[in-house]
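Please open the structure in your viewer and keep the sequence beside it. The tour below tells you what to select at each stop and what is found there.

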Amino acid sequence: MGVRECPARLLLLSLLLFSLGLPVLGAPPRLSLICDGRVLERYILEAKEAENVTMGCAEGCSLSENITVPDTKVNFYAWKRMEVGQQAIEVWQGLALLSEAVLRGQALLANSSQPSETLQLHMDKAVSGLRSLTSLLRALGAQKEAISPPDTASAAPLRTFTVDTLCKLFRIYSNFLRGKLKLYTGEACRRGDR
């Protein structure tokens with residue numbers, strides 16, 4: 001049986017190889033996924049939906065403890081003057097802290113007296129989204145830039161603050177994706193040296 005006789009098998013084999021991380025003939029490189037604006041926009045939309053769902057809820061949206069999150073404010077003038085390695089450090093630190101915060105929020109929600117299925121669904125999507133974004137950034141080479149910038153000592157410590165509601169947590173998640181992550185990936189993809 002030749003390839004022409006069984007396109008379904010070829011597709012199945014390609015999917016299997018792709019899921020194992022092996023190169024597949026004709027498959028776009030992984031880094032192009034994060035460089036496709038629609039991919040990041042999908043994660044931003046999910047984060048915004050979660051924020052909107054939690055905006056109106058009073059009960060069940062308060063957290064039983066404060067959670068530390070990254071400050072998402074961006075000084076665009078300073079950002080543009082920052083070395084790429086410093087930008088990568090800021091994005092990786094923010095992504096790591098945000099991932100910890102969302103995982104902590106997920107645990108607090110699961111341990112609450114009557115967790116809402118809708119809130120759990122949005123929290124699960126956020127956890128999954130952050131894991132996917134971490135993988136996509138790794139494929140882009142951001143982790144390598146963050147580990148070995150020329151002047152690591154000059155990197156400013158990550159600014160943080162705490163949140164006490166799921167709405168604030170999802171707002172930070174949404175703002176981080178729309179701000180620092182989008183700025184960094186846009187620049188890294190434009191450079192095209194990855």
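Select helix H8 (166–191), which gives 3 residues, the largest share, to the lining of the second largest pocket. The model you are viewing is predicted, so local features need pLDDT of at least 70 and side-chain atom pairs pLDDT of 80 or more, while totals for chains, interfaces and linings use all residues. Residues are numbered from 1 along each chain as its sequence is written, and side-chain values use heavy atoms, without hydrogens and water.

A pocket here is an open set of points on a 1 Å grid over the protein atoms alone, where a 1.4 Å probe fits, with protein on both sides within 12 Å along at least five of seven lines; lining residues have an atom within 4 Å of a point. Now select Trp79, Lys80, Met82, Val84, Gln87, Leu183, Glu187 and Arg190, which line the second largest pocket.

**Second stop: salt bridges**

Next, select Arg171 and Glu51, whose side chains meet in a salt bridge at 3.2 Å, N to O (a side-chain nitrogen of Lys or Arg within 4 Å of a carboxyl oxygen of Asp or Glu). Because Arg171 lies in helix H8 and Glu51 in helix H3 (residues 37–55), the pair ties together parts that are 120 residues apart in sequence. Glu51 is buried, at 3% relative accessible area, whereas Arg171 is partly exposed, at 32% (buried means under 20%, exposed over 50%, and partly exposed in between, with a 1.4 Å probe and protein chains only).

How values were computed:
Helix = DSSP H or I, 4+ residues; strand = E, 2+ residues; numbered from the N terminus.
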